[in-house]
Every structure is written in structure tokens, then in C-alpha cells.
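I opened a new page for this structure.

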Amino acid sequence: MLTTRKCNMIFFRFTFLVLALNFLTVYNRPAGVHLRNMESFIQAVQQVEDSNPGLSPLALVRALRRTAGHDDLMTVHFLGASHNLSDTEGLEGSILNATSFSFFDKAIHHIVTDHGEERGVVLAPDGTTVALAPLLLGIESGLKAKMEGTEAVGIFPLSLGRTLGLSLLSLQDIPPSMRLGPNGCWDNVEQPKVFKLSRPATLATDAVINGGMDGVILGNHLSKLPATEQPQALSEILRGYYNFTLTEKQGIDAVTSYISPKRRQLSRQLLESLDLHAEVMTTLTLVWKLEKTEWIALDSGLGNAVQDGLKTFMHRYLDCPQIIPRCQWGAKASRDTPIPLSLPLRFLYVHHTYEPSRPCLSFSSCSRNMRSMQRFHQEDRGWNDIGYSFVVGSDGYIYEGRGWSHVGRHTRGHNALGYGVSIIGNYTAALPSRHAMDLLRNHLALCAVNGGGLTGNYTIQGHRQVVNYTACPGDALFSEIRSWEHFRE
């Protein structure tokens, strides 16, 4: 028979065990482990660094590769087998103890499920989605070259070249535009757990290409650090690129460091210095030699397929700006069936939002502005959807409104004749950032022309030129666009 004392002892031991288990669970779990965002990954990396003072970033990124099992033939060819590298000894235990082996394995290992869920990707603070594996391979390649004083020959093949080339070849029976991508959307941008693709995946999804570009950018930067400068800790490398803060005084125009919203601009600068076709073909030849890939036929047909595919890659990922899709900023559905546009269009109408009156400088604030404008247009104006075709933020990105294919509600009497693009802010007395205007003038417009949305001789006009009752896009911005090519009085 249990006495009161024995019952109390059992209760005490049970309570102690529960508290101990809770403590161990919290202590050993990286902050936000259940969330698939970049900050959670960086925090987990930092826990390993804190547990191993003096740990070099190269040793850590090699240990992460070993944890994720990324020792394929091409990676070993350029970087060596991770299990043979002495600086990773003992680190696996640190990763297991400090942050959990399964977290890093799941965070880095890239797959697409049969249901279209893409794993091994994280949501970056700027609203884009990044595959970690190509990012880390680029960083490791750059760090290896820096520490050994050698040329960084593996950065492009490992980060971007192999996946890009194989994706272009694996789907030769479909149009080049379908051999790359797609993008997708998170279940919840505040607490991201599931990322679903918008259509069947290729080998080079948008997240893989984003991660590859970031790997090329950071890898090249690290490989060219001065001999006297030691690289930062891995967590600091990632935090500096992804977790930046823009202010109205220190906007994107004033930023000289590498940050993720400049991904496409920086990638273009790096890739234009290469013979991209030759680099991809060289990479594919190496794949064939190392992996004895039978379906890769090294002939002129392969070269032509790569050339056609690279034109699509250049258009979609270098000429075009990154556009944040509706599902990512939290758009509500249109209240009626959208009306298709008859393309190509002849006009591009420039607006400012006036309200919100201040530039938005982050993904979270720009997304709030988009939801606010859509709510105003649908509920106060009684429109089916947000009026603009696209909206330009000062965070480095363009936000999808009604998009490329559907008639907007932006320029009365002219909605079906052109795209209506607005820059968030009031530009009566001040100009938007140069970067925001460049996105509209030189990237969105070029993307529309090359993609068949605008005619080559399209006309740019301010909202006020075709609608009498408005001062939009503000005196300062209107004065600016009058100097742009394609502007017509």
C-alpha cells in the first residue's frame, strides 16, 4: 500500500524528470528549429561556433557538408572528401550536442516531394527563398581558395553550373522557359514550415538558383579577401548578407556591401565576365567524366540545348527583377475572374502610391503596404483587386499586383492599353531611391519587352498625362521620368 510519503516521493521524482527533460529539450534545440527561415539556421550555426571557440568558418562549413552527406563525385573533385579532412574531426559531435544532427541534415538536404513540397530551403528576411546546399558549397569553395592561396575554380560549377546545365538538358522535349524554376509560396511567412512549388519542379528551382547565385557571390568575395584579412565566422558571413537594415537616411543606394536584394545585379556582374556557355559545357563534360552519365551526349545538339536554355536563364534571372509573388505578400483572391490583357502592350504608366507616403524598406513593411492598398482598393473603392500591375518597394524588390497577364485598375480609360506600375511613397517633393527607379526603368521594362509584354517601341507616361484630376506620380518623380528613354509628352 502506498503511503503519503511514498506518493510524494514518486510525484517529486516524476516532476524532476519532466523538468529535466524539458530543460534538455530546450537547451539542445536551436532557437526556432521548427521554423524554416534563414535566421533559425544562422542561430543554429552560431550555437556550434559558441560551443567551439576559435572554430574557423572553413572547418564548420566542411562539417556541415559532412553532416548533410554532400560528398558526391564533383564536390569531392573540387573540395575533397569531408570525412578525410582533419579540421572536421570532433565537430560532428559538437553539431549533434549543440544543435542536433537532424536539424542540419533536414535544413541542408535538398529534395522535392511527390506533393510539390520543396525541402532544404529557407525563407530569407528579404522575402526570397534560398536553397542552403548550393549556398554553402559556394562559401566553402571561396574559403578553401582563400586559406590555401589558390584559384577558386569550383565556385561556379558547384554552386550553379552543374544544376543549371543538368536542368537544361534533362527536359529537352519541353520549351526552355519550363526547364527552370519554379518559384513557390510558404504556408506562413511569419512562421514558415512548408514551401510548396507552383508547378512541377525542375532540377533548378528558383530557390536553388537563388542559393547558387548567393554561393557564387559570397564565394567569390571570400576568395578575394586580402591576405592580411581573416574571414568572419560563418554566422557573421550569413548575417551580413541576409540580415541587414535599411533606413531612409541609409537606403539601398548607399549600401556598398554585398546584400541579398542585390543578388541579381551582383550575379550579372560576375557572370558577364564569364563565357557562360563555355563554363556550363565544361561543367557538364566534367559531370560525364566523373559520373559516367550515359544520357549526356557531348555533341552539337547538347550545345544548342544549353545555349537556348541559357537565354531563358539570362532573361528570367538576370534581366528581369525579382518579383515577390502575391501569395508571398499575403494577397487576397480577386473578387471576380480577372480579365486577360491582349499582349504586347504599348504603354507603361508610372504612379506613386501617395498613401502609403513613406518608402518601404523591408519585406515585412512592403508586404504590409501591399495588403493595406489591396484592402483599400477592394473595400473602399469597390474594385476586384489591387489596382496596380506591379508595385516597386525601396527594399530592392518589385511586388506582383495584377501581374503580366491581367487588366488592372490603375489608369482610367487606359487600363487595357498598358501596365500600371507604382512606387511606394509620396514623390511630390523627393525622389525614390535610384535603385527603385532603376528596377522600374531598366529591369521591369526590359523584362516586359523581352518577355512579350511590351512592344519594343513602348511609351512611358506619368499618370497625370492621361488622367486630368491627378498630380500622380508627384512633381519630383514626374520631372525625373521626363528624362527617361521611351517617355513621350
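Which hand does the link of C360 and C366 have? I looked up the torsion about its S-S bond in this predicted model: the value is 95 degrees, and the link is right-handed. The sulfur atoms of C360 and C366 lie 2.0 Å apart. I then checked the cover. C360 has 1% relative accessibility and C366 has 0%; buried means under 20%, so both cysteines count as buried.

Next entry, the other links. I counted three disulfides in the structure. One of them joins C320 to C447, with an S to S distance of 2.0 Å. C320 sits in the loop between α13 and β7, C447 in helix α16, and 127 residues separate them. This link is right-handed too, at 85 degrees about the S-S bond. I found both C320 and C447 buried.

I noted an S to S distance of 1.3 Å for the disulfide of C185 and C327. The pair links strand β5 to helix α14, parts of the chain 142 residues apart. C185, at 12% relative accessibility, counts as buried, whereas C327, at 41%, counts as partly exposed.

I wrote down the pairing of the bonded cysteines in sequence order: 1-3, 2-6, 4-5.

Last entry, the whole chain. I found 18 helices and twelve strands. Of the 489 residues, 53% are buried. The accessible surface comes to about 22,400 Å², and carbon and sulfur atoms hold 53% of that surface. Among contacts with a separation of 6 or more, 72% are between residues 24 or more positions apart.

How values were computed
Residues are numbered from 1 along each chain as its sequence is written. This is a predicted model: local features need pLDDT of at least 70, side-chain atom pairs count only at pLDDT 80 or more; totals for chains, interfaces and linings use all residues. Side-chain values use heavy atoms; hydrogens and water are left out. Helices (H or I, at least four residues) and strands (E, at least two) are DSSP runs, numbered from the N terminus. Buried means under 20% relative accessible area, exposed over 50%, partly exposed in between (1.4 Å probe, protein chains only). Contact means heavy atoms within 4.5 Å. Accessible areas come from the Shrake-Rupley method with a 1.4 Å probe; for residues, only the protein chains shown count as cover. A disulfide is a pair of cysteine sulfur atoms within 2.5 Å.
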